[in-house]
Amino acid sequence: MTVKDYIENVIQPKLQGDGGWVEYESLENGKLTLVFRGECSKCLILNRCTDWIEEQIDNDLNKKVSIVAIRKRPYFQEI
């Protein structure tokens with residue numbers, strides 16, 4: 001399973017349970033860029049979640065990554 005598939009099929013459903021959403025952006029040189037939306041876009045402890053995702057990827061896929069988190073709020077929240 002690729003990291004992209006893992007994010008979309010394993011991690012994303014878990015975050016949806018709390019009203020969040022994560023999208024795979026890219027993976028280059030061990031830097032995994034993810035876009036966080038929904039409740040995740042305004043979460044005060046997003047760093048804990050990204051640490052957890054890094055740990056899950058290491059445990060399940062045996063890959064070391066460092067997450068770059070991009071927060072994107074829905075357009076109507078930016079007004």
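Predicted model: local features only at pLDDT ≥ 70, side-chain atom pairs only at ≥ 80, totals over all residues.

User: What makes β2 and β3 a pair of strands?

Analyst: Two strands pair if DSSP finds at least two bridges between them. Here 6 bridges join β2 to β3 (residues 66-71). That meets the cut-off, so the two count as paired. They run parallel.

User: How do you know that β1 and β2 pair, and in which sense?

Analyst: The same rule applies: at least two bridges are needed. Strand β1 (residues 20-28) and β2 have 8 bridges, in the antiparallel sense. V22 has F36 in β2 as its bridge partner. E23 stands opposite V35 in β2. The two strands form a hairpin with 2 residues between them. In the turn, N29 has a positive phi of about 50 degrees.

User: Why are β1 and β3 called edge strands?

Analyst: The open sheet has 3 strands in the order β1-β2-β3, and its pairing is mixed. β1 and β3 each have a single partner strand, so one side of each has no neighbour in the sheet. On average, neighbouring strands are turned by 25 degrees against each other, direction ignored.

User: Where do the helices lie against this sheet?

Analyst: α1 lies across β1 and β2, and runs at about 160 degrees to β1. α2 packs on the sheet and touches β2 and β3. The direction of α2 makes about 140 degrees with that of β3.

User: Why is Q56 called buried?

Analyst: Buried means under 20% relative accessible area. Q56 has 15% relative accessibility, so Q56 counts as buried. Q56 lies in helix α2. Leaving out residues up to four places away in sequence, Q56 touches Y6, I11 and L61.

User: And Y24: why is it called partly exposed?

Analyst: Partly exposed falls between the two limits, under 20% for buried and over 50% for exposed. Y24 has a relative accessible area of 24%, so Y24 is partly exposed. Y24 is in strand β1.

User: Which residues touch the most other members of the largest nonpolar core?

Analyst: That core has 17 residues, and I7, L32, L34, F36, I53 and I57 touch the most other members. The elements giving two or more residues to this core are α1 (3-16), β2 (31-38) and α2 (46-61).

User: What does F36 contact?

Analyst: Beyond neighbours within four places in sequence, the contacts of F36 include L15, W21, V22, L46, I53 and R71.

Technical notes. Residues numbered from 1 in each chain as written. Heavy atoms only, no water. Core = buried A, V, L, I, M, F, W, Y, C linked by side-chain atoms within 4.5 Å. Buried < 20%, exposed > 50% of the residue type's maximum accessible area, 1.4 Å probe, protein only. Helix = DSSP H or I, 4+ residues; strand = E, 2+ residues; numbered from the N terminus. Contact = heavy atoms within 4.5 Å. Axes fitted to C-alpha atoms, helices over the stretch in contact; angles between N-to-C directions.
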